[in-house]
Amino acid sequence: MSDAIAYSTIRELGARYRKRELSPVEVTRVLLARIEKLDPALNAFVTLTADRALADARAAEELLRRGDDRPLLGIPIAHKDIYCTRGIRTTGGSALLADWVPDVESTCGRRWQDAGTVLLGKLITHEFAMGLQFPGHRFPPARNPWNVNHIPGGSSSGSGAALAAGLVHGATGSDTGGSIRGPASFCGIVGLKPTYGRSSRAGVLTLSWTLDHTGPMARTVEDCALLLQPLAGHDPLDPASSLAPVDDYTAPLGRDVRGLRVGVIRNYFFEGVDPEVERAFEEAMATLRRLGADVRDVQIPSLKATHSFLLILLAEAYAYHERDLREHPELYGDVLRERFLAGALVTAAEYVQAQRIRSEICRETAEVLRDVDVLATPTSPKPATPFAQAHDPEFGFPRSNMPPFNITGSPTLALPCGFSASGLPLSLQLAGRPFDEATVLRVGHAYEQATSWHTRRPPV
Amino acid sequence: MGEPLELTLEELRERIKAAGITIADHRLGMVRKLLSDALVQVRALDSRTIKTVEPAVRFQGGRHE
């Protein structure tokens, strides 16, 4: 019973609420008990808000009785701990903010609250959305429910782990170089990085202003679409927030993909790709072809310079943290401190050249997206990394398939497309034209419905 | 160009001094690799010839014979 409730989709939960078969309070109690039982081994939650969750659930129950039919009413969620929550500790996964209680709410948090969700708590993040916690850190890192000796990906690590373990039905993530899609990939769930400017960054701790994105994480594409809906739309508190009209994100789900053009970027994304990942990806393309999509190869030559995006990220992160790095360096995690300090060593000219390279990648990507509707790649070149490897300071920043779409700001979805022989999830990445989340979700949904990867559960 | 693609330890130390920050000796190798990897493409770039979106008049400086 607990598993059935914990792994219900958002639509299934809503339908059962309205038939009076289940109540938000009942579901919340099931999840709180599940968190108590499973989270000590997973460390997904950094702060549990049980009283608040039950109060939210009771309020939702009352609204359901009055016939309120909003799809997120009574749906249990949690926030990555870089999203400010008014009156609730927000740590950023850092000793620097270990006891910080903000007096503001992030726009995303407020919008989900206004949509009637139930807040279960705050989910551990890599420190300041960048630094995996090393042994001895104030906050232990989340563990991967598929194999606790492997990382769940980062930086939205708690979000990925909590969703995979059936502890929440939706979570926020943030994505500067893959921090929504990486945990989605490693934990076998779905993550959507919307277009830059689509979902507000207001009230969310910054990593890198020009690369940061906020967005939803869930277990199915439809759940992601439902969770995106209230997040999308202009926010005057975020200067990068767009005025572009907001689509109905669930409307295109279920429409077939016949004739849609899917571009497989053959350069960059297949360098160093694990054979299992490549095989799963090619099988996913075969599935899309069977569904009627026109799958074709494309090239974006400038992507070879993708790694220069780190100069932008490091310089912007240093600018954000400069004062605290100088005044309280000891409160930053080992390794992360030095990575942030590296941003002080990027020259102005190098930052500008990296932005010029970025312009070229954006231009070439836009050109390719005139000829195809979405782009497809493996999300991550390899399955989840073991902690033993990730905790080597020299491990650094391995080449990744996700930053290209932080550079371009394109809407990008990660969803399960298989498993490694060792039982770790593999993932498909789909990117689209600016503000065309609807098409990306439509293709992802068609693929998901033709396969069963999203129905597998980790051995927790 | 003539600039080496790799960031040397000496250059890293010069940058640290200029920035007025401190990085522990045992982390210098890690920082050097992090920056070196990020800089490779920028250093390989001839800023006079890159095709970019913003307008930029191109010229050939130096002596013309």
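1. A residue is called buried here if 20 or more other C-beta atoms lie within 10 Å of its own, exposed if 12 or fewer do, and partly exposed in between, with C-beta atoms placed from the backbone. By that criterion Ala232(A) is buried, because 23 other C-beta atoms lie within 10 Å. The model is predicted, so that local features need pLDDT of at least 70 and side-chain atom pairs count only at pLDDT 80 or more, while totals for chains, interfaces and linings use all residues. Residues are numbered from 1 along each chain as its sequence is written, and chains are lettered from A and ligands numbered from 1 in the order in which they are written.

2. Ala232(A) sits in the loop between H8 and strand E7 (261–265) of chain A, where helices (H or I, at least four residues) and strands (E, at least two) are DSSP runs numbered from the N terminus. Once residues up to four places away in sequence are set aside, Ala232(A) touches Pro194(A), Arg198(A), Ser199(A) and Val246(A); contact requires C-beta atoms, placed from the backbone, to lie within 7 Å.

3. The axes of helix H8 (residues 221–231) and helix H15 (residues 437–450), both of chain A, come within 9 Å and cross at roughly 155°. The axes are lines fitted to C-alpha atoms, for helices over the stretch in contact, and the angles run from 0 to 180 degrees between N-to-C directions. H8(A) is therefore roughly antiparallel to H15(A), given that angles over 145 degrees count as roughly antiparallel, under 35 as roughly parallel, 65 to 115 as roughly perpendicular and the rest as oblique. The residues that make the contact include Val221(A) and Leu228(A) of H8(A), with Leu441(A) and His445(A) among those of H15(A).

4. The contact between the chains takes 23 residues from chain A and 24 residues from chain B. On the side of chain A that touches chain B, the elements giving two or more residues are helix H10 (309–327), helix H11 (336–342) and helix H12 (348–371), and H12(A) gives the most, with eight residues. That side divides into 11 nonpolar, five polar and seven charged residues, where Ala, Val, Leu, Ile, Met, Phe, Trp, Tyr, Cys and Pro count as nonpolar, Asp, Glu, Lys and Arg as charged, and the others, Gly among them, as polar.

5. H12(A) has 24 residues and reaches 36 Å from its first C-alpha to its last, close to the 34 Å expected at 1.5 Å a residue, the expected span being 1.5 Å times one less than the number of residues. Its buried residues, including Arg356(A), Ile357(A) and Arg358(A), pack against H10 and helix H14 (404–408) of chain A together with helix H2 (28–44) of chain B.

6. Chain B comes to two helices and zero strands, and buried residues make up 17% of its 65 residues.

7. Some backbone values deserve a check, given that most residues other than glycine have a negative phi, and most peptide bonds are trans. The peptide bond from Gly154(A) to Ser155(A) is cis, with omega near 15°, and Ser155(A) is placed in the loop between strand E3 (118–123) and helix H6 (157–164) of chain A. Phe128(A), which lies in the loop between E3 and H6 of chain A, has a positive phi near 50° and counts as buried, with 25 C-beta neighbours inside 10 Å. Phe435(A) has a positive phi of about 65° and is placed in the loop between strand E11 (425–432) and H15 of chain A.

Note on methods
Contact = placed C-beta atoms within 7 Å.
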